[in-house]
Amino acid sequence: MAVTKRAGRNKAPNQPVKQQPAKRGVQKASYDITKKKEVGVTDLTLLSKVNDEEINNNLQKRFESHFIYTYIGHVLISVNPFKDLGIYTEQVLESYRGKNRLEVPPHVFAIAESMYYNLKAYDESQCVIISGESGAGKTEAAKRIMQYISSVSAGANSASIQKIKDMVLATNPLLESFGCAKTLRNNNSSRHGKYLEIQFNKQGEPIGATITNYLLEKGRVVGQIQNERNFHIFYQFTKGASEAQRQTFGIQAPESYTYTSASKCTAVNGIDDVADFKETLRAMDVIGLRQSEQDQILKLLAGILWIGNVYFVEDEHGNAAINDPSVPNFIAYLLDVDADSVISSLTTRIMETSRGGRRGSVYEVPLNVVQANAVKDALAKGIYNNLFDWIVERVNASLNSQEVANRTIGILDIYGFEIFENNSFEQLCINYVNEKLQQIFIQLTLKTEQEEYVREQIQWAPIKYFNNKVVCDLIEEKRPPGIFAALNDACATAHADPYAADQSFIQRLSNVSGNPHFEARQSKFVIKHYAGDVTYDVEGVTDKNKDLMIKDLLVLLSKSQNSFLAGLFPEPVDTGSRKRPPSASDKIRTSANDLVHTLSLSQPSYIRTIKPNQNKSPTEYDSKAVLHQVKYLGLQENVRIRRAGFAYRQTFDKFVERFYLLSPKTSYAGDFIWQGESREATLQILKDTSIPVEEYQMGVTKIFVKTPETLFALEHMRDRYWHNMAARIQRAWRNYLQYRIDMATRIQRAFRRSKGGEPALELRDKGNKLLAGRKQRRRLSMIGSRRFTGDYLACNDKSGVGNFMVKTLIITEPVIFSARAETLTSKFGRSSLRVERILILTRAKLYIIVEQVLNRQLSYHIERTIGIANIKYVGVSNLRDDWFSVVVEPSKEPDSFLWCPLKTEFVTQLREVRPSVEIRVKDVIEYKKKANKYSTVAFIIDNSVSGHFDIYKSGKVHVPSGLPANSVSAPTPKKKPGIGIKANTAGKLLKKGGGNAPQGYQLSQAASRPTNQPQQQQQQQQQHTPHQQNNAPSASRSTFSPAVSAATFALAQTRISSRPETGPTKTSSTASRPMPPIPALVSTLTPASIPAVTSAFSMVSSPAVVAQSQSRVAPQTVIPPPPPPPPAAEPKYKALYPYTANSASELPLTLGEFVSVKNKEGNGWWLVCNSLGQEGWVPATYLEEIKVVVRPSPPPPPSSNGPIASTKRKAAPTPPVKKSAISTQSTPVSSTTPTPLGGGSSNTTLGSGLADALKKKNEANQSLAGGLAQAIKMRAGKMNSDDEEDDDDDDW
Ligand SMILES: Nc1ncnc2c1ncn2[C@@H]1O[C@H](COP(=O)(O)OP(=O)(O)O)[C@@H](O)[C@H]1O
Ligand SMILES: [Mg+2]
């Protein structure tokens, strides 16, 4: 499991360095406490008293409450429940996914999860060693691990990976059928050992597997003790064979065969052999065994069954003879050999004399019945054994990975320790292997652990435990010879007579009699295994050890016409060979040691299975039997060592490799930047992650972490790191996108400023002259920044709102003027009604367009088209109203009577197209309603009409008085000196001092440094004198043209002035106002920063400006809203009280002093400018607004949000986006304080609403992680404070 690491491999010990104190205060992981109530302790290390009895009690309590799993640290103890507890469902499996051991109740899935996690996270091969008595639940545990890994491992979408998973899972039923049998201990007892290694690629996808097979108990094929069974497959086949198979292979019921019926047990409760047979065949299909291969397997199984049915009788010479030749004949048919050869190889033996090592004569010796039966059984065992090996090899061939896989998860499911009444060679081998596994366990957990503490100079109190190496040596040692060596020697010297060989073995055992774990007892001997004393019978042991198939049989089988069978015995049969082949004990020793080696290459996990009773009972807890297991498994020692030990150890290198991201000293932007030793890096990481110093010890080459919680905390921080970085990247990208929009806007604005404005201004002046002195003027027409830009509905702009309209109406000529207007429709018997229209003027035509919503869709139609050439004159009144007539010739056409606040511009544009159009100014307007039906509209000054427009009623227009007819427009605002285009120079998206940065940039950068020092501020103001601006040599090097550069600079400054400030401590909004840092990348533009917009109606904003103002909505969702910008027509404010400034950014007020307000911050502070031009913040409550009004004709409000006089009247042409905002206004409200467009309070409210939401969201985000995240935040805080740029995440 994750938390136990073995001794470092090939690591040169670093010099120990004095430990640095680490910071305290890391929060331990807080784990789900809502899980099912546990009984006893889930981890035996938590027992208050550690002894075998307490351990046993705890296990019993838990077993009785159906908690079969308990930990000792990372070792899982599993008590066989002998019933389905419903704890392996998909749902349960899912609940273990991605969880660490402490988050979820103990479970075999948790072990599997940690193996798979470690495989991926640490790139280390894993293995799980499952040990325990026969029937304790090893095979079940192994299957559950396979189930889990197959389910959670990646590659679900890949057919080939899925196939591998299916095949791996299919190996279970296949190998169980051939390798498991019902024994007294276990209905599904594994009669072979199996080590399955699943191979993974870098993505953690299983790409293949290999199975290593250990010593099949082949003796079971030919005989079993009473009430046990042969291997499952024989019962499956004999019960489940198809009719065709029965015919072809001569298959009958299991009762018909000696090998399956002699032990008088052909059926087992809970085992459905027929169903299992189908499952076996299906598994063969899944693994890819061809039908021919499957048939061959079945054919050989039939052959084995029939071999068992050969009966020998004694002939007259006392030799074995076969009465009924039909059986050997049928065997010959099944094995594809000659029938006579079958008989002769079963009843005779080829003998060869030898003298002095040279071959002598060869002759045939007849066998007696006993010998013949032994030969017969040898034949059956040989075939089955090799068939089993072939199946394993065949499975491996199918599972063989095409890719290179260097990481594996190994699952060892081996036959458990067993003690029978009569124990023979098989039990010796099985128990030897278990002894070796116990040794590995001791090596890796107890001994190595303690040795490592010594080696690493870790403070540690040693714990005593029983080391079973002495028993392993007793069995496997060569010098002095152990039991296996004695056995081999006995076989070598007395090969002819089994009895003599057994006796020789007994004599040789005297060599080991000195071993305290050995006891000789006549024809038996006792080995004191770690798990108990076992008495072994000597009889037949040497024969079994020889494991030789009689050469005659090998010759027989190799001559088979059946290439499959012949292939199972492929070695060229050398009947003259005298070289001793490896004995069975040689094989098991070699493979056990190989296994130990293989396991030692992987990170081990342990499952120790315990068998609660011998009766397979789900309720019985045989306390004595379990206590015995608790003792021999060494659980107590395990707990003690665990309690004193460390949950996790890792070499400094590996530790740093995994966690370097957690310290800003070791990582930067995901890269490893540490220059020094890994030991110091480890300390740095621990320090920066605030791991308490008592939580770990520094060894010589490794760090030792005390509790798993600490490791999990580190892992958690590491996970969060990726999460945070992903968020950063996203933010950076979003900022970048916004930055692009911002920059585009700047460029557009600069361009408009420098190029676009002039002709429109000239046209305005021209237009004003047209009516000069003849018609009263509206206040808003006087605004100096008003321009005649013509196409207010953006018909010419591809993305403009009017473009859709002209396309729909197929007006292809360029639009010179477009605006919303109104006209009158007559209602019978009633006064005419005002209705909305759209005016479009092109070079050739004037269109009057109706806009309607039909079937929820906007539709347009042209109500009237007037040829420009036909327009005779335009009639207007002499008052300030917005009505005009378009009078046409020939006179049978009706004229148009229209209302449009942009009437002066309309007339001006029309005259541009057709200079001969006359403009008639009279006190009435006359026009033809229809041909020959004239109508006259009178105009009456009526100051009771509130609002900014006029009222039409029954041929009379009531209009408030306007400014005198000879009023002159305010002069066009001049560009403020010192304001120019300022390059965007701040923010991380730009390289510092980068590229071809112009000098202007440097100037502005200097100016943009935030400061609260007035002195510095003054310097900056000086820097922006016109002189400096003009002299800026930057222009020549700038990528901007000088003009554009200057304009952009000005705009940038304007923009800065509209930047949000959080309080009065910030500096003024003059051109030299310090630019706040980073947010430069986020657009904070308000509409007010564009003079054309701030100073006029929304409807007179140019299409491009409309587009900008739309695009500016988004940024307000990103940052707190800017305060309202200074209105163009500044209302005056009076100081109600004197105010003393408390800081340089505040402005003192004297009682009654008049100031203008530049910026109304929502926090109660306003930025004001006094008569001396000084700016500063004052409390809003100190000021009273002075309504500056031109008395006789109050100016109309320029606000699109503002009120509009008269019923359902539209103020003026407006881009559709704003339409609803104005058309819904019906109550005329008088206001003498024009609200600046877009800077109005509603915008601010919206903005601050969003800002609040954003703030809340941030707060929520911050509080989300809680617990461990706190630690991460602490670290992040450290990281940031260490960072020279001291940015927070948002500043990317
Ligand atoms: N976790 C379990 N849940 C339910 N039954 C189990 C469990 N483990 C084992 N068993 C039962 O015990 C029997 C023996 O288990 P098995 O794994 O074959 O033992 P081993 O391989 O250790 O000899 C299984 O066939 C099954 O019936
Ligand atoms: Mg088993």
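## The chain as a whole

The protein chain of this predicted model contains 39 helices and 39 strands, and of its 1292 residues, 54% count as buried.

If one takes the contacts between residues at least 6 apart in sequence, 70% of them join residues at least 24 apart.

## Helix 1 and its surroundings

Helix 1 covers residues 52-64, which makes 13 residues, and the distance from its first C-alpha to its last is 18 Å, close to the 18 Å expected at 1.5 Å a residue. At the N-terminal end, helix 1 is capped by Asn 51, whose side chain places an oxygen 3.2 Å from the backbone nitrogen of Glu 53. Just after the helix comes His 66, which takes a positive phi of about 65°.

The buried residues of helix 1 are Asp 52, Ile 55, Asn 56, Asn 58, Leu 59, Gln 60, Arg 62 and Phe 63.

## Helix 5

Helix 5 runs over residues 159-179 and has 21 residues; from first C-alpha to last it reaches 29 Å, close to the 30 Å expected at 1.5 Å a residue. This helix is mostly covered, since 15 of its 21 residues are buried.

## The site of ligand 1

There are 16 residues around ligand 1, and those that come nearest are Asn 80, Tyr 88, Gly 135, Lys 138 and Thr 139. Sorted by class, the shell around the ligand consists of 5 nonpolar, 7 polar and 4 charged residues.

In the side chain of Tyr 88, an N or O atom lies 2.6 Å from a nitrogen atom of ligand 1, while in the side chain of Thr 139 an N or O atom lies 2.6 Å from an oxygen atom of the ligand. Asn 186 also takes part, with a polar side-chain atom 2.8 Å from an oxygen atom of ligand 1. Taken alone, the ligand would expose 550 Å², and the protein buries 84% of that area.

## Two buried residues in loops

Asp 882 is found in the loop that joins strand 26 (871-877) to strand 27 (883-888). Although it belongs to a loop, Asp 882 counts as buried because its relative accessible area is 0%, and the cut-off for this class is under 20%. The side chain of Asp 882 forms a polar contact of 2.6 Å with the side chain of Lys 903. If neighbours within four places in sequence are left aside, Asp 882 is in contact with Arg 778, Leu 898, Trp 899, Cys 900, Pro 901, Lys 903, Phe 949 and Asp 950.

Arg 786 is found in the loop between helix 26 and helix 27 (801-808), and with a relative accessible area of 10% it is buried. Its side chain makes a polar contact of 3.0 Å with the side chain of Tyr 792, and another polar contact, of 3.0 Å, joins the side chains of Arg 786 and Glu 905.

Gln 684 lies in helix 25, which spans residues 678-688, and it is buried, with a relative accessible area of 9%. Not counting residues up to four places away in sequence, Gln 684 touches Ser 663, Lys 665 and Trp 674. Between Gln 684 and Val 656 there are 28 residues of separation in sequence, and their C-alpha atoms are 9.6 Å apart in space.

Arg 720 is found in helix 26, which covers residues 708-771. Its relative accessibility is 25%, and Arg 720 therefore counts as partly exposed. Along the chain, Arg 720 and Leu 662 are 58 residues apart, and 9.8 Å separates their C-alpha atoms.

How values were computed. Residues are numbered from 1 along each chain as its sequence is written. Chains are lettered from A and ligands numbered from 1 in the order in which they are written. This is a predicted model: local features need pLDDT of at least 70, side-chain atom pairs count only at pLDDT 80 or more; totals for chains, interfaces and linings use all residues. Side-chain values use heavy atoms; hydrogens and water are left out. Helices (H or I, at least four residues) and strands (E, at least two) are DSSP runs, numbered from the N terminus. The expected span of a helix is 1.5 Å times one less than its number of residues. Buried means under 20% relative accessible area, exposed over 50%, partly exposed in between (1.4 Å probe, protein chains only). A polar contact is a pair of N or O atoms within 3.5 Å; within protein, one must be able to donate a hydrogen and the other to accept it, and residues adjacent in sequence count only if both atoms are side-chain atoms. A residue is near a molecule or strand if one of its heavy atoms lies within 4 Å of it. Accessible areas come from the Shrake-Rupley method with a 1.4 Å probe; for residues, only the protein chains shown count as cover. Ala, Val, Leu, Ile, Met, Phe, Trp, Tyr, Cys and Pro count as nonpolar, Asp, Glu, Lys and Arg as charged, and the others, Gly among them, as polar. Contact means heavy atoms within 4.5 Å.
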